[in-house]
Amino acid sequence: MNRVVLIGRLTGKPELRYTGSNLPYARFSLAVNRSFSNAQGQRDTDFINIIVWRKQAENVCNFLDKGSLVSVEGRIQTGSYDDKDGNKRYTTDVVADAVQFLESKSQSQNRSASSSNEPTPYDYQGEPMNDINIDNDPFADFGDSVSIDDNFLD
């Protein structure tokens, strides 16, 4: 079984592109904290390449930006290619079946407009905090939802 579930923050703004047959796709990198601390007591971060297709790619590009907190569910896909010097390069990507936005638009805007350097509970650059309140809980019900419906498997 090849199944991956990740929660992390985008490391940059995703860019919408199109295949030769005009199929939309987007690539982005997701910063994901490891669940354990290293020898220095800090959590390391993995940067995982994600590819998303069709309407879901358009939604990701329209509504997400650098630092957006998301959940990605999908599968690992490996590949290889020869670079311009003839060297074999290997790739590993997560092909997303579902991307869920884990913070409201206002939270995302407030976070990016804030000049505070205090880490949030889910900040990949800071140590996770245990005292989460409803004001900064990405899983709280904010009364608005984003539905991503991608029927490309049909």
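Visitor: Which secondary structure elements does the chain have, and in what order do they run from the N terminus?

Guide: The chain of this predicted model has two helices and six strands. Their order from the N terminus is β-β-β-β-α-β-β-α.

Visitor: How many residues does the chain have, and what share of them is buried?

Guide: Of the 154 residues in the chain, 32% are buried. The accessible surface amounts to about 10100 Å², and carbon and sulfur atoms hold 44% of that area. As for contacts with a separation of 6 or more, 63% come from residues 24 or more positions apart.

Visitor: Which residues have the most contacts inside the largest nonpolar core?

Guide: The general idea comes first. Nonpolar side chains in soluble globular proteins tend to be buried together. Here the largest nonpolar core has 19 residues, and those with the most contacts inside it are Phe-28, Leu-30, Ile-50, Val-52, Val-70, Val-72 and Val-99. At least two residues of this core come from each of β1 (4-10), β3 (24-37), β4 (43-53), α1 (54-63), β5 (69-82) and β6 (88-101).

Visitor: Which residues of α1 are buried, and what covers them?

Guide: An α-helix has 3.6 residues a turn, so residues three or four places apart point the same way. In α1, the buried residues are Gln-56, Ala-57, Asn-59, Val-60 and Cys-61. Their cover includes β2 (15-18), β3, β4 and β6.

Visitor: How many salt bridges does a search of the whole structure find, and which residues are joined into one network?

Guide: The search finds nine salt bridges. In one of them, Arg-3 pairs with Glu-73, with the closest N and O atoms 3.0 Å apart. Arg-3 stands in the segment before β1 and Glu-73 in strand β5, 70 residues apart. Arg-3 also pairs with Asp-97, where the closest N and O atoms are 2.7 Å apart. Asp-97 belongs to strand β6, so this pair ties together parts that are 94 residues apart in sequence. Another salt bridge joins Asp-46 and Arg-34, at 2.8 Å between the closest N and O atoms. This pair links strand β4 to strand β3, its residues being twelve apart. Through shared partners, salt bridges join Arg-3, Glu-73 and Asp-97 into one network.

Note on methods:
Residues numbered from 1 in each chain as written. Predicted model: local features only at pLDDT ≥ 70, side-chain atom pairs only at ≥ 80, totals over all residues. Heavy atoms only, no water. Helix = DSSP H or I, 4+ residues; strand = E, 2+ residues; numbered from the N terminus. Buried < 20%, exposed > 50% of the residue type's maximum accessible area, 1.4 Å probe, protein only. Contact = heavy atoms within 4.5 Å. Areas by Shrake-Rupley, 256 points an atom, 1.4 Å probe, with all protein chains shown as cover. Core = buried A, V, L, I, M, F, W, Y, C linked by side-chain atoms within 4.5 Å. Salt bridge = Lys/Arg side-chain N within 4 Å of Asp/Glu carboxyl O.
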